[in-house]
Amino acid sequence: MDVYLPIAELSLSVFVLFGLGAGIGIITGVFGLGGGFLMTPLLIFMGVPAGVAVASSANQLVGASLSGVMGYWRRGSVDFKMGLIMLLGGLAGSALGVWLFTLLKRIGQIELAISVLYVLVLGTLGALMIIESTRALLRHRRPGVVRRKLHQHNWMHGLPLKTRFRRSKLYISALLPTTLGLVVGVLSGILGIGGGFMLVPAMIYILGMPTAMVPGTSLFQIIFVAANVTFLQAYSNQTVDAVLALLLLIGGVLGAQIGTRFGPRLRGDQLRFLLALLLLAVAAKLSFDLTVRPASLYAVTIALG
Amino acid sequence: MSAALSRWRACPYCAAALLWLALAAGPAHGAAVLADLSSHIIAIGGGFTGDSVVLFGSTDGPGDIIAVVRGPERGVTVWRKGKVAGIWVNAQSVTFDSVPSYYAVVASRPVEQLVQPEAAALYKIGPANLKLTPVSPVPPDRARLFAEALIEQQQRAGLFAADIGKVNFLGERLFRATLSFPANVPTGTYLVQVFLVRDGDVVSGQTTPLVVSKVGVDAAIFDLAIREPAAYGAIAIVTAVVAGWLASLPFRGV
(Lines give C-alpha, C1' and ligand atoms only; values in the text may rest on other atoms or scores of the structure.)
Protein backbone atom coordinates (compact mmCIF):
# COMPACT_ATOMS: atom_id res chain seq x y z
CA MET A 1 0.00 0.00 0.00
CA ASP A 2 1.57 3.23 -1.15
CA VAL A 3 1.04 6.66 0.30
CA TYR A 4 1.70 9.89 -1.57
CA LEU A 5 3.92 12.27 0.37
CA PRO A 6 2.72 15.75 -0.59
CA ILE A 7 5.94 17.69 0.03
CA ALA A 8 8.47 15.02 -0.96
CA GLU A 9 6.26 14.57 -4.05
CA LEU A 10 6.65 10.83 -4.32
CA SER A 11 4.82 7.70 -3.26
CA LEU A 12 6.35 5.27 -0.78
CA SER A 13 5.02 2.11 0.83
CA VAL A 14 3.33 2.71 4.19
CA PHE A 15 4.87 -0.50 5.53
CA VAL A 16 8.38 0.52 4.52
CA LEU A 17 7.95 3.85 6.30
CA PHE A 18 6.47 2.20 9.42
CA GLY A 19 9.27 -0.34 9.32
CA LEU A 20 11.93 2.35 9.02
CA GLY A 21 10.37 4.27 11.91
CA ALA A 22 10.07 1.13 14.02
CA GLY A 23 13.62 -0.04 13.25
CA ILE A 24 15.05 3.30 14.27
CA GLY A 25 12.72 3.38 17.28
CA ILE A 26 14.10 0.03 18.44
CA ILE A 27 17.65 1.35 18.13
CA THR A 28 16.55 4.41 20.12
CA GLY A 29 15.03 2.23 22.83
CA VAL A 30 17.95 -0.18 23.08
CA PHE A 31 20.81 2.30 22.95
CA GLY A 32 19.17 5.48 24.20
CA LEU A 33 20.36 7.24 21.06
CA GLY A 34 17.97 9.29 18.96
CA GLY A 35 18.65 7.42 15.75
CA GLY A 36 17.97 10.55 13.68
CA PHE A 37 21.46 10.20 12.24
CA LEU A 38 20.27 7.00 10.53
CA MET A 39 16.80 8.26 9.62
CA THR A 40 17.88 11.05 7.26
CA PRO A 41 20.43 9.07 5.19
CA LEU A 42 18.03 6.11 4.85
CA LEU A 43 15.27 8.44 3.63
CA ILE A 44 17.71 9.90 1.11
CA PHE A 45 18.58 6.38 -0.11
CA MET A 46 14.83 5.80 -0.59
CA GLY A 47 14.63 8.74 -2.96
CA VAL A 48 13.33 11.46 -0.65
CA PRO A 49 15.00 14.79 -1.55
CA ALA A 50 17.75 15.59 0.97
CA GLY A 51 16.11 18.83 2.14
CA VAL A 52 12.77 17.11 2.77
CA ALA A 53 14.50 14.22 4.56
CA VAL A 54 16.26 16.60 6.95
CA ALA A 55 13.23 18.77 7.72
CA SER A 56 10.81 15.85 8.12
CA SER A 57 13.23 14.00 10.40
CA ALA A 58 13.31 17.06 12.63
CA ASN A 59 9.51 17.11 12.59
CA GLN A 60 9.17 13.47 13.70
CA LEU A 61 11.88 14.07 16.29
CA VAL A 62 9.60 16.54 18.10
CA GLY A 63 7.08 13.78 18.81
CA ALA A 64 9.66 11.05 19.37
CA SER A 65 11.60 13.09 21.98
CA LEU A 66 8.37 14.13 23.69
CA SER A 67 7.20 10.54 24.06
CA GLY A 68 10.69 9.61 25.23
CA VAL A 69 10.94 12.34 27.85
CA MET A 70 7.67 11.35 29.59
CA GLY A 71 9.14 8.34 31.36
CA TYR A 72 12.19 10.28 32.59
CA TRP A 73 9.96 13.13 33.74
CA ARG A 74 7.80 10.79 35.83
CA ARG A 75 10.94 9.43 37.46
CA GLY A 76 12.13 12.97 38.16
CA SER A 77 15.26 12.58 36.08
CA VAL A 78 14.99 15.75 33.99
CA ASP A 79 17.07 18.79 35.00
CA PHE A 80 14.80 21.50 33.62
CA LYS A 81 17.11 24.38 34.56
CA MET A 82 20.04 22.73 32.75
CA GLY A 83 17.77 21.89 29.82
CA LEU A 84 16.50 25.45 29.47
CA ILE A 85 20.01 26.94 29.61
CA MET A 86 21.21 24.47 26.97
CA LEU A 87 18.14 25.41 24.98
CA LEU A 88 19.27 29.06 24.82
CA GLY A 89 22.25 27.92 22.80
CA GLY A 90 20.22 25.24 21.04
CA LEU A 91 17.66 27.67 19.64
CA ALA A 92 20.33 30.09 18.42
CA GLY A 93 22.43 27.24 16.98
CA SER A 94 19.53 25.61 15.16
CA ALA A 95 18.43 28.95 13.71
CA LEU A 96 22.01 29.40 12.46
CA GLY A 97 21.95 25.84 11.09
CA VAL A 98 18.73 26.40 9.13
CA TRP A 99 20.13 29.71 7.84
CA LEU A 100 23.25 27.90 6.63
CA PHE A 101 21.02 25.23 5.10
CA THR A 102 19.05 27.85 3.15
CA LEU A 103 22.27 29.52 2.01
CA LEU A 104 23.79 26.22 0.86
CA LYS A 105 20.58 25.36 -0.92
CA ARG A 106 20.68 28.64 -2.81
CA ILE A 107 24.23 28.04 -4.01
CA GLY A 108 23.38 24.46 -5.01
CA GLN A 109 25.62 22.72 -2.47
CA ILE A 110 23.16 21.51 0.17
CA GLU A 111 23.05 17.87 -0.94
CA LEU A 112 26.84 17.81 -0.92
CA ALA A 113 27.03 19.44 2.51
CA ILE A 114 24.52 16.98 3.98
CA SER A 115 26.39 13.98 2.55
CA VAL A 116 29.80 15.20 3.69
CA LEU A 117 28.59 16.06 7.19
CA TYR A 118 26.92 12.67 7.50
CA VAL A 119 30.07 10.88 6.38
CA LEU A 120 31.99 12.77 9.08
CA VAL A 121 29.37 12.28 11.81
CA LEU A 122 28.61 8.62 11.09
CA GLY A 123 32.24 7.76 10.41
CA THR A 124 33.43 9.31 13.68
CA LEU A 125 30.57 7.90 15.72
CA GLY A 126 30.94 4.45 14.15
CA ALA A 127 34.70 4.37 14.72
CA LEU A 128 34.36 5.51 18.35
CA MET A 129 31.69 2.90 19.01
CA ILE A 130 33.80 0.15 17.45
CA ILE A 131 36.73 1.06 19.70
CA GLU A 132 34.54 1.38 22.78
CA SER A 133 32.60 -1.84 22.22
CA THR A 134 35.74 -3.80 21.39
CA ARG A 135 37.25 -2.62 24.67
CA ALA A 136 34.07 -3.57 26.50
CA LEU A 137 34.06 -7.00 24.85
CA LEU A 138 37.67 -7.54 25.92
CA ARG A 139 36.95 -6.28 29.45
CA HIS A 140 34.20 -8.87 29.69
CA ARG A 141 36.88 -11.53 29.78
CA ARG A 142 39.04 -9.73 32.31
CA PRO A 143 36.86 -8.76 35.27
CA GLY A 144 37.83 -5.82 37.46
CA VAL A 145 36.21 -2.42 37.23
CA VAL A 146 38.19 0.76 36.77
CA ARG A 147 36.79 3.59 38.86
CA ARG A 148 37.07 7.17 37.75
CA LYS A 149 36.65 10.36 39.73
CA LEU A 150 33.22 11.95 39.82
CA HIS A 151 34.63 14.93 37.98
CA GLN A 152 37.89 16.77 37.75
CA HIS A 153 38.52 20.48 38.11
CA ASN A 154 40.02 22.26 35.13
CA TRP A 155 39.97 25.58 33.23
CA MET A 156 36.24 25.25 32.50
CA HIS A 157 35.49 25.83 36.13
CA GLY A 158 37.06 29.30 35.93
CA LEU A 159 34.47 30.59 33.44
CA PRO A 160 32.08 33.38 34.52
CA LEU A 161 28.28 33.18 35.01
CA LYS A 162 28.52 30.39 37.51
CA THR A 163 25.13 28.85 38.10
CA ARG A 164 23.87 26.27 40.56
CA PHE A 165 22.06 23.26 39.09
CA ARG A 166 20.40 21.57 42.06
CA ARG A 167 19.04 18.55 40.27
CA SER A 168 22.42 17.73 38.76
CA LYS A 169 24.30 18.74 41.92
CA LEU A 170 26.55 21.01 39.87
CA TYR A 171 27.91 24.54 40.21
CA ILE A 172 29.28 25.41 36.76
CA SER A 173 29.36 28.29 34.31
CA ALA A 174 26.12 28.68 32.32
CA LEU A 175 28.34 29.26 29.26
CA LEU A 176 29.21 25.55 29.09
CA PRO A 177 25.68 24.16 28.54
CA THR A 178 24.84 27.12 26.27
CA THR A 179 27.86 26.48 24.05
CA LEU A 180 27.13 22.76 23.95
CA GLY A 181 23.53 23.50 22.91
CA LEU A 182 24.76 25.94 20.27
CA VAL A 183 27.21 23.56 18.60
CA VAL A 184 24.77 20.63 18.51
CA GLY A 185 21.97 23.02 17.45
CA VAL A 186 23.84 23.96 14.26
CA LEU A 187 24.06 20.27 13.32
CA SER A 188 20.35 19.84 14.13
CA GLY A 189 19.47 22.67 11.76
CA ILE A 190 21.50 21.28 8.86
CA LEU A 191 21.08 17.53 9.38
CA GLY A 192 17.69 17.24 11.08
CA ILE A 193 19.10 15.22 13.99
CA GLY A 194 18.67 15.71 17.71
CA GLY A 195 22.35 15.16 18.32
CA GLY A 196 21.82 12.97 21.38
CA PHE A 197 24.89 10.95 20.46
CA MET A 198 27.00 14.09 20.96
CA LEU A 199 24.99 15.64 23.79
CA VAL A 200 24.95 12.57 26.04
CA PRO A 201 28.72 12.02 26.27
CA ALA A 202 29.36 15.78 26.42
CA MET A 203 26.91 16.21 29.29
CA ILE A 204 28.54 13.39 31.21
CA TYR A 205 32.21 14.09 30.53
CA ILE A 206 32.30 17.87 29.93
CA LEU A 207 29.49 19.18 32.14
CA GLY A 208 29.95 16.40 34.68
CA MET A 209 26.23 15.67 35.07
CA PRO A 210 25.07 12.54 36.89
CA THR A 211 24.43 9.84 34.26
CA ALA A 212 20.84 9.30 35.43
CA MET A 213 19.88 12.91 34.66
CA VAL A 214 21.46 12.99 31.19
CA PRO A 215 19.04 11.22 28.77
CA GLY A 216 15.91 12.97 30.10
CA THR A 217 17.52 16.41 30.08
CA SER A 218 18.97 15.92 26.62
CA LEU A 219 15.60 14.72 25.24
CA PHE A 220 13.84 17.63 26.93
CA GLN A 221 15.91 20.23 25.12
CA ILE A 222 15.85 18.26 21.82
CA ILE A 223 12.02 18.60 21.75
CA PHE A 224 12.32 22.37 21.48
CA VAL A 225 15.36 22.46 19.21
CA ALA A 226 13.62 20.03 16.82
CA ALA A 227 10.44 22.13 16.96
CA ASN A 228 12.50 25.21 16.13
CA VAL A 229 14.16 23.44 13.18
CA THR A 230 10.76 22.19 11.96
CA PHE A 231 9.27 25.66 12.09
CA LEU A 232 12.20 27.42 10.43
CA GLN A 233 12.57 24.75 7.72
CA ALA A 234 8.83 24.93 7.00
CA TYR A 235 9.01 28.72 6.95
CA SER A 236 12.11 29.29 4.84
CA ASN A 237 12.39 26.15 2.68
CA GLN A 238 8.91 24.56 2.65
CA THR A 239 10.53 21.16 3.04
CA VAL A 240 8.66 19.70 6.04
CA ASP A 241 6.57 16.70 4.96
CA ALA A 242 4.15 16.31 7.88
CA VAL A 243 2.66 13.09 6.44
CA LEU A 244 6.09 11.48 6.19
CA ALA A 245 6.97 12.67 9.70
CA LEU A 246 3.72 11.31 11.16
CA LEU A 247 4.20 7.84 9.63
CA LEU A 248 7.80 7.66 10.83
CA LEU A 249 6.76 8.91 14.26
CA ILE A 250 4.07 6.27 14.86
CA GLY A 251 6.47 3.49 13.84
CA GLY A 252 9.21 5.14 15.88
CA VAL A 253 7.29 5.44 19.15
CA LEU A 254 6.13 1.82 18.98
CA GLY A 255 9.65 0.67 18.09
CA ALA A 256 11.13 2.65 20.98
CA GLN A 257 8.79 0.91 23.46
CA ILE A 258 9.82 -2.49 22.12
CA GLY A 259 13.47 -1.49 22.29
CA THR A 260 13.17 -0.20 25.85
CA ARG A 261 11.67 -3.53 27.00
CA PHE A 262 14.08 -5.85 25.25
CA GLY A 263 17.16 -3.67 25.46
CA PRO A 264 18.20 -4.68 28.98
CA ARG A 265 17.98 -8.41 28.12
CA LEU A 266 20.45 -8.11 25.27
CA ARG A 267 24.20 -7.91 25.52
CA GLY A 268 24.98 -4.24 25.01
CA ASP A 269 28.58 -4.41 23.84
CA GLN A 270 27.85 -6.88 21.06
CA LEU A 271 24.85 -4.84 19.91
CA ARG A 272 26.90 -1.64 19.98
CA PHE A 273 29.50 -3.35 17.83
CA LEU A 274 26.80 -4.28 15.29
CA LEU A 275 25.30 -0.77 15.34
CA ALA A 276 28.78 0.69 14.81
CA LEU A 277 29.20 -1.54 11.75
CA LEU A 278 25.82 -0.32 10.45
CA LEU A 279 26.85 3.32 10.90
CA LEU A 280 30.14 2.72 9.10
CA ALA A 281 28.27 0.96 6.27
CA VAL A 282 25.97 3.96 5.80
CA ALA A 283 28.97 6.31 5.89
CA ALA A 284 30.75 4.12 3.32
CA LYS A 285 27.74 4.14 1.00
CA LEU A 286 27.49 7.94 1.27
CA SER A 287 31.19 8.43 0.54
CA PHE A 288 31.00 5.97 -2.35
CA ASP A 289 28.17 8.04 -3.86
CA LEU A 290 30.29 11.17 -3.44
CA THR A 291 33.38 9.82 -5.16
CA VAL A 292 32.01 7.64 -7.94
CA ARG A 293 31.43 9.36 -11.28
CA PRO A 294 27.72 10.21 -11.45
CA ALA A 295 25.57 8.72 -14.23
CA SER A 296 24.93 12.22 -15.49
CA LEU A 297 27.21 15.17 -14.94
CA TYR A 298 24.31 17.58 -15.17
CA ALA A 299 21.53 18.25 -12.69
CA VAL A 300 18.56 20.57 -12.98
CA THR A 301 17.06 22.58 -10.12
CA ILE A 302 14.26 25.11 -10.08
CA ALA A 303 15.72 28.58 -9.72
CA LEU A 304 14.41 30.66 -6.84
CA GLY A 305 12.37 33.74 -7.53
CA MET B 1 3.22 47.98 -15.51
CA SER B 2 6.74 49.19 -16.25
CA ALA B 3 8.06 45.76 -15.38
CA ALA B 4 5.61 44.23 -17.80
CA LEU B 5 6.65 46.72 -20.47
CA SER B 6 10.36 46.13 -20.06
CA ARG B 7 9.74 42.40 -20.09
CA TRP B 8 7.80 42.81 -23.30
CA ARG B 9 10.57 44.88 -24.82
CA ALA B 10 13.19 42.39 -23.68
CA CYS B 11 11.27 39.56 -25.30
CA PRO B 12 13.23 38.64 -28.40
CA TYR B 13 10.28 36.79 -29.87
CA CYS B 14 7.89 39.69 -30.10
CA ALA B 15 7.51 39.06 -33.80
CA ALA B 16 6.52 35.47 -33.15
CA ALA B 17 4.20 36.48 -30.36
CA LEU B 18 2.51 39.18 -32.45
CA LEU B 19 2.14 36.87 -35.41
CA TRP B 20 0.76 34.28 -33.08
CA LEU B 21 -1.78 36.73 -31.66
CA ALA B 22 -2.82 37.64 -35.18
CA LEU B 23 -3.26 33.97 -36.02
CA ALA B 24 -5.10 33.19 -32.83
CA ALA B 25 -7.40 36.17 -33.17
CA GLY B 26 -7.57 35.22 -36.84
CA PRO B 27 -10.67 35.14 -38.95
CA ALA B 28 -13.73 35.30 -36.74
CA HIS B 29 -15.76 33.06 -38.99
CA GLY B 30 -14.70 29.72 -40.37
CA ALA B 31 -11.32 29.41 -38.66
CA ALA B 32 -9.05 27.11 -40.64
CA VAL B 33 -8.59 24.90 -37.58
CA LEU B 34 -10.77 24.28 -34.56
CA ALA B 35 -9.65 22.13 -31.69
CA ASP B 36 -10.59 21.28 -28.13
CA LEU B 37 -9.63 18.88 -25.34
CA SER B 38 -11.81 16.15 -23.86
CA SER B 39 -11.00 17.66 -20.48
CA HIS B 40 -9.32 20.90 -19.47
CA ILE B 41 -8.29 19.60 -16.06
CA ILE B 42 -5.87 16.92 -14.98
CA ALA B 43 -6.41 16.21 -11.28
CA ILE B 44 -3.49 14.76 -9.34
CA GLY B 45 -4.83 12.90 -6.34
CA GLY B 46 -3.42 10.17 -4.11
CA GLY B 47 -2.05 7.28 -6.17
CA PHE B 48 -1.85 9.38 -9.35
CA THR B 49 0.02 7.41 -12.01
CA GLY B 50 -0.38 9.76 -14.94
CA ASP B 51 -3.38 10.69 -17.05
CA SER B 52 -4.33 11.39 -20.63
CA VAL B 53 -6.66 13.78 -22.42
CA VAL B 54 -7.93 13.61 -25.97
CA LEU B 55 -7.22 16.48 -28.34
CA PHE B 56 -9.73 16.64 -31.17
CA GLY B 57 -10.76 19.08 -33.86
CA SER B 58 -11.38 19.80 -37.49
CA THR B 59 -9.70 21.65 -40.34
CA ASP B 60 -11.19 23.44 -43.33
CA GLY B 61 -9.39 21.20 -45.78
CA PRO B 62 -6.37 18.98 -46.30
CA GLY B 63 -3.30 19.71 -44.21
CA ASP B 64 -1.29 18.41 -41.30
CA ILE B 65 -1.60 19.08 -37.60
CA ILE B 66 1.14 19.77 -35.07
CA ALA B 67 0.21 20.24 -31.42
CA VAL B 68 2.63 21.71 -28.89
CA VAL B 69 1.93 21.20 -25.17
CA ARG B 70 3.72 23.67 -22.87
CA GLY B 71 3.69 23.69 -19.09
CA PRO B 72 4.03 26.92 -17.09
CA GLU B 73 7.40 28.61 -17.52
CA ARG B 74 9.88 29.00 -14.71
CA GLY B 75 13.53 29.78 -14.07
CA VAL B 76 15.76 26.71 -14.03
CA THR B 77 19.38 26.29 -12.96
CA VAL B 78 21.51 23.66 -14.67
CA TRP B 79 24.49 22.42 -12.66
CA ARG B 80 27.52 20.67 -14.05
CA LYS B 81 29.38 18.43 -11.66
CA GLY B 82 33.14 18.53 -11.45
CA LYS B 83 35.60 16.61 -9.32
CA VAL B 84 36.99 18.69 -6.46
CA ALA B 85 39.36 16.98 -4.01
CA GLY B 86 38.08 13.57 -5.10
CA ILE B 87 34.43 14.43 -4.59
CA TRP B 88 31.86 15.18 -7.28
CA VAL B 89 30.39 18.59 -6.56
CA ASN B 90 28.11 20.99 -8.42
CA ALA B 91 30.87 23.10 -9.94
CA GLN B 92 29.40 25.27 -12.71
CA SER B 93 25.90 26.52 -13.23
CA VAL B 94 23.85 28.40 -15.79
CA THR B 95 20.38 29.72 -14.96
CA PHE B 96 17.82 29.89 -17.73
CA ASP B 97 14.76 32.10 -17.71
CA SER B 98 11.30 31.00 -18.85
CA VAL B 99 11.86 27.28 -19.30
CA PRO B 100 8.59 25.39 -19.79
CA SER B 101 8.14 22.91 -16.95
CA TYR B 102 6.66 20.48 -19.46
CA TYR B 103 7.02 20.39 -23.23
CA ALA B 104 5.73 17.91 -25.77
CA VAL B 105 5.02 17.85 -29.49
CA VAL B 106 2.55 15.60 -31.29
CA ALA B 107 1.99 15.65 -35.05
CA SER B 108 0.25 13.80 -37.82
CA ARG B 109 3.61 13.11 -39.51
CA PRO B 110 7.22 13.50 -38.33
CA VAL B 111 7.64 17.20 -37.63
CA GLU B 112 10.81 17.62 -39.68
CA GLN B 113 8.89 16.46 -42.79
CA LEU B 114 6.06 18.90 -42.08
CA VAL B 115 7.51 22.35 -41.46
CA GLN B 116 10.52 24.25 -42.69
CA PRO B 117 13.14 24.96 -40.03
CA GLU B 118 12.32 28.70 -40.06
CA ALA B 119 8.66 28.05 -39.24
CA ALA B 120 9.60 25.50 -36.59
CA ALA B 121 11.94 28.07 -35.02
CA LEU B 122 9.33 30.85 -35.19
CA TYR B 123 6.62 28.80 -33.49
CA LYS B 124 9.08 27.04 -31.16
CA ILE B 125 8.15 23.60 -32.43
CA GLY B 126 10.57 21.03 -31.00
CA PRO B 127 12.77 21.33 -27.88
CA ALA B 128 15.72 22.56 -29.95
CA ASN B 129 13.66 25.61 -30.91
CA LEU B 130 12.86 26.68 -27.34
CA LYS B 131 15.67 29.28 -27.57
CA LEU B 132 16.67 28.89 -23.92
CA THR B 133 18.40 32.08 -22.84
CA PRO B 134 20.62 32.42 -19.78
CA VAL B 135 19.59 34.99 -17.18
CA SER B 136 23.08 36.47 -16.94
CA PRO B 137 25.51 36.65 -19.85
CA VAL B 138 27.64 33.53 -20.36
CA PRO B 139 29.82 32.54 -23.33
CA PRO B 140 27.60 31.24 -26.18
CA ASP B 141 29.37 27.84 -26.29
CA ARG B 142 28.69 27.29 -22.65
CA ALA B 143 25.08 28.49 -22.89
CA ARG B 144 24.49 26.04 -25.75
CA LEU B 145 26.14 23.16 -23.89
CA PHE B 146 24.07 23.77 -20.76
CA ALA B 147 20.86 24.28 -22.76
CA GLU B 148 21.44 20.92 -24.47
CA ALA B 149 22.08 19.30 -21.09
CA LEU B 150 18.89 20.86 -19.76
CA ILE B 151 16.82 19.42 -22.62
CA GLU B 152 18.46 16.03 -22.18
CA GLN B 153 17.80 16.01 -18.43
CA GLN B 154 14.17 17.04 -18.92
CA GLN B 155 13.74 14.36 -21.58
CA ARG B 156 15.20 11.78 -19.22
CA ALA B 157 12.75 12.91 -16.51
CA GLY B 158 9.91 12.56 -19.02
CA LEU B 159 9.15 16.28 -18.83
CA PHE B 160 10.23 17.10 -22.37
CA ALA B 161 8.53 14.33 -24.29
CA ALA B 162 9.58 13.89 -27.88
CA ASP B 163 6.62 11.70 -28.66
CA ILE B 164 3.65 11.42 -26.32
CA GLY B 165 1.15 10.42 -28.95
CA LYS B 166 0.25 10.84 -32.59
CA VAL B 167 -2.33 12.97 -34.37
CA ASN B 168 -4.64 10.71 -36.37
CA PHE B 169 -6.89 11.98 -39.13
CA LEU B 170 -10.34 10.55 -39.55
CA GLY B 171 -10.94 11.27 -43.18
CA GLU B 172 -9.56 14.56 -44.42
CA ARG B 173 -10.83 17.08 -41.89
CA LEU B 174 -11.31 15.49 -38.49
CA PHE B 175 -8.34 14.77 -36.28
CA ARG B 176 -7.71 13.44 -32.82
CA ALA B 177 -4.72 12.68 -30.62
CA THR B 178 -4.33 11.20 -27.16
CA LEU B 179 -1.99 13.27 -24.99
CA SER B 180 -0.52 11.15 -22.18
CA PHE B 181 1.03 12.81 -19.16
CA PRO B 182 3.42 11.06 -16.75
CA ALA B 183 3.00 10.69 -12.98
CA ASN B 184 5.51 13.49 -12.34
CA VAL B 185 3.69 16.04 -14.52
CA PRO B 186 4.30 19.53 -13.05
CA THR B 187 1.26 21.48 -11.86
CA GLY B 188 0.06 24.75 -13.35
CA THR B 189 -1.72 26.13 -16.38
CA TYR B 190 -0.67 24.53 -19.65
CA LEU B 191 -1.23 25.79 -23.16
CA VAL B 192 -1.94 23.39 -26.00
CA GLN B 193 -1.17 25.11 -29.30
CA VAL B 194 -2.62 23.46 -32.38
CA PHE B 195 -1.05 24.38 -35.72
CA LEU B 196 -2.48 23.65 -39.15
CA VAL B 197 0.39 23.10 -41.58
CA ARG B 198 0.27 23.25 -45.36
CA ASP B 199 3.20 23.09 -47.76
CA GLY B 200 5.77 23.37 -45.01
CA ASP B 201 4.26 26.45 -43.39
CA VAL B 202 1.91 27.16 -40.51
CA VAL B 203 -1.31 28.58 -41.94
CA SER B 204 -3.53 28.68 -38.89
CA GLY B 205 -3.53 27.93 -35.21
CA GLN B 206 -5.52 27.77 -32.04
CA THR B 207 -4.57 27.72 -28.37
CA THR B 208 -6.50 25.95 -25.67
CA PRO B 209 -5.66 25.83 -21.95
CA LEU B 210 -5.19 22.79 -19.76
CA VAL B 211 -4.94 23.00 -15.97
CA VAL B 212 -2.87 20.43 -14.10
CA SER B 213 -3.61 20.61 -10.42
CA LYS B 214 -3.33 18.62 -7.22
CA VAL B 215 -6.62 17.74 -5.56
CA GLY B 216 -7.70 16.33 -2.22
CA VAL B 217 -5.90 16.23 1.10
CA ASP B 218 -2.45 16.14 -0.52
CA ALA B 219 -3.24 19.33 -2.44
CA ALA B 220 -4.51 21.03 0.71
CA ILE B 221 -1.33 20.11 2.59
CA PHE B 222 0.91 21.22 -0.25
CA ASP B 223 -0.98 24.51 -0.67
CA LEU B 224 -0.82 25.28 3.02
CA ALA B 225 2.92 24.54 3.15
CA ILE B 226 3.59 26.96 0.30
CA ARG B 227 1.06 29.69 1.05
CA GLU B 228 1.06 29.74 4.86
CA PRO B 229 4.48 28.34 5.78
CA ALA B 230 4.35 29.66 9.36
CA ALA B 231 0.93 28.14 10.07
CA TYR B 232 1.99 24.90 8.37
CA GLY B 233 5.15 24.72 10.49
CA ALA B 234 3.11 25.26 13.66
CA ILE B 235 0.59 22.58 12.63
CA ALA B 236 3.41 20.13 11.83
CA ILE B 237 4.85 20.66 15.33
CA VAL B 238 1.48 20.31 17.09
CA THR B 239 0.69 17.15 15.09
CA ALA B 240 4.02 15.61 16.11
CA VAL B 241 3.48 16.58 19.77
CA VAL B 242 -0.03 15.11 19.88
CA ALA B 243 1.00 11.97 17.98
CA GLY B 244 4.08 11.46 20.15
CA TRP B 245 2.00 11.85 23.30
CA LEU B 246 -0.88 9.63 22.11
CA ALA B 247 1.44 6.90 20.87
CA SER B 248 3.17 6.75 24.25
CA LEU B 249 -0.11 6.53 26.26
CA PRO B 250 -0.59 2.74 25.97
CA PHE B 251 2.88 2.29 27.47
CA ARG B 252 2.34 4.46 30.51
CA GLY B 253 3.41 2.80 33.71
CA VAL B 254 5.76 0.45 31.91
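Trainee: Is Ile42(B) buried or exposed, and why?
Mentor: Ile42(B) counts as buried because it has 21 C-beta neighbours inside 10 Å. The rule is that a residue is buried if 20 or more other C-beta atoms lie within 10 Å of its own, exposed if 12 or fewer, and partly exposed in between, with the C-beta atoms placed from the backbone. Keep in mind that this is a predicted model, in which local features need pLDDT of at least 70 and side-chain atom pairs count only at pLDDT 80 or more, while totals for chains, interfaces and linings use all residues. Residues are numbered from 1 along each chain as its sequence is written, and chains are lettered from A and ligands numbered from 1 in the order in which they are written.

Trainee: Which strand holds Ile42(B)?
Mentor: Ile42(B) belongs to strand β2 of chain B, residues 41-44. Strands (E, at least two residues) and helices (H or I, at least four) are DSSP runs, numbered from the N terminus.

Trainee: And what is Ile42(B) in contact with, leaving aside its neighbours within four places in sequence?
Mentor: Its contacts of that kind are Asp51(B), Val53(B), Phe181(B), Val185(B), Leu210(B) and Val212(B), where being in contact means that the two C-beta atoms, placed from the backbone, lie within 7 Å.

Trainee: Which strands are joined to β7(B) by bridges?
Mentor: Strand β4 of chain B (residues 64-70) is joined to β7(B) by 5 bridges and the two run antiparallel, whereas strand β8 of chain B (residues 160-161) is joined to β7(B) by 2 bridges and runs parallel to it. Two strands pair if DSSP finds at least two bridges between them. Tyr103(B) has a bridge partner in each of these strands, namely Arg70(B) in β4(B) and Phe160(B) in β8(B).

Trainee: Now the two chains: how many residues are in contact there?
Mentor: On the chain A side 44 residues are in contact with 42 residues of chain B. The largest share of the chain A side, 9 residues, comes from α9(A). By class, that side has 29 nonpolar, 13 polar and 2 charged residues, where Ala, Val, Leu, Ile, Met, Phe, Trp, Tyr, Cys and Pro count as nonpolar, Asp, Glu, Lys and Arg as charged, and the others, Gly among them, as polar.

Trainee: Which strand of chain B pairs with β5(A)?
Mentor: That is strand β5 of chain B, residues 73-84, which pairs with β5(A) in the antiparallel sense over 5 bridges. Within this pairing, Tyr298(A) stands opposite Arg80(B).

Trainee: Last topic: what is the phi of Lys169(A)?
Mentor: Lys169(A) has a positive phi of about 55° although it is not a glycine. Most residues other than glycine have a negative phi. Lys169(A) sits in the loop between β3 and β4 of chain A, and it counts as partly exposed because it has 13 C-beta neighbours inside 10 Å.

Trainee: And what about the phi of Gln238(A)?
Mentor: Gln238(A) has a positive phi of about 50°, and it is found in the loop between α8 and α9 of chain A. With 19 other C-beta atoms within 10 Å, Gln238(A) is partly exposed.
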